[in-house]
Amino acid sequence: MSDTDNLRDNPVKPIPEDFESYEAAASFWETHDTTDYLDDFEAVPFESALQKRHFEVKIDEDLIERLHRQADAQSISISQLVNQVLRNKLEDAAA
């Protein structure tokens, strides 16, 4: 018998009004299926405006080391520096 079968064979216990801790809540939901409690949940309006997307680019190790030193010297993050360098290069190439 699988753990999923055990969950379905157990009677549905009510959701506690309060959990003593995040760990207690996690423990409860690890052993209970949220689909057994659909009537206890309510829809909440939600809007999201994604501001930025992030992309992964492989960069040679020697370049990362140089970027790190230069970013430290300018007191900015490597991401800020890379964006700055790319913008400048692309603007120069377009001119």
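Modeller: Before we start, a quick definition: buried means under 20% relative accessible area, exposed means over 50%, and partly exposed is in between. Also, this is a predicted model.

Biologist: Okay, is Trp29 buried, exposed or partly exposed?

Modeller: Its relative accessible area is 27%. Buried needs under 20% and exposed needs over 50%. So Trp29 comes out as partly exposed.

Biologist: And how do the rings of Phe28 and Trp29 sit, stacked, tilted or edge-to-face?

Modeller: By the ring-pair rule there are 5 aromatic pairs. For Phe28 and Trp29, the ring centres are 4.9 Å apart and the planes are at 90°. Planes over 60 degrees apart count as edge-to-face, so the Phe28 and Trp29 pair is edge-to-face.

Biologist: What about Phe28 and Tyr37, which kind of pair is that?

Modeller: Both Phe28 and Tyr37 are buried. Their ring centres lie 6.2 Å apart, with the planes at 55°. That angle makes the pair tilted.

Biologist: Which residues form the aromatic cluster?

Modeller: Phe28 belongs to it, and its relative accessibility is 11%, so Phe28 counts as buried. The cluster is one group made of Phe19, Phe28, Trp29, Tyr37 and Phe41.

Biologist: Last one: how many helices does the protein chain have?

Modeller: From the N terminus, the elements run α-α-α-α. There are 0 strands, and the helices come to 4.

Note on methods:
Residues numbered from 1 in each chain as written. Predicted model: local features only at pLDDT ≥ 70, side-chain atom pairs only at ≥ 80, totals over all residues. Heavy atoms only, no water. Helix = DSSP H or I, 4+ residues; strand = E, 2+ residues; numbered from the N terminus. Phe/Tyr/Trp six-rings, centres within 6.5 Å; stacked < 30°, edge-to-face > 60°. Buried < 20%, exposed > 50% of the residue type's maximum accessible area, 1.4 Å probe, protein only.
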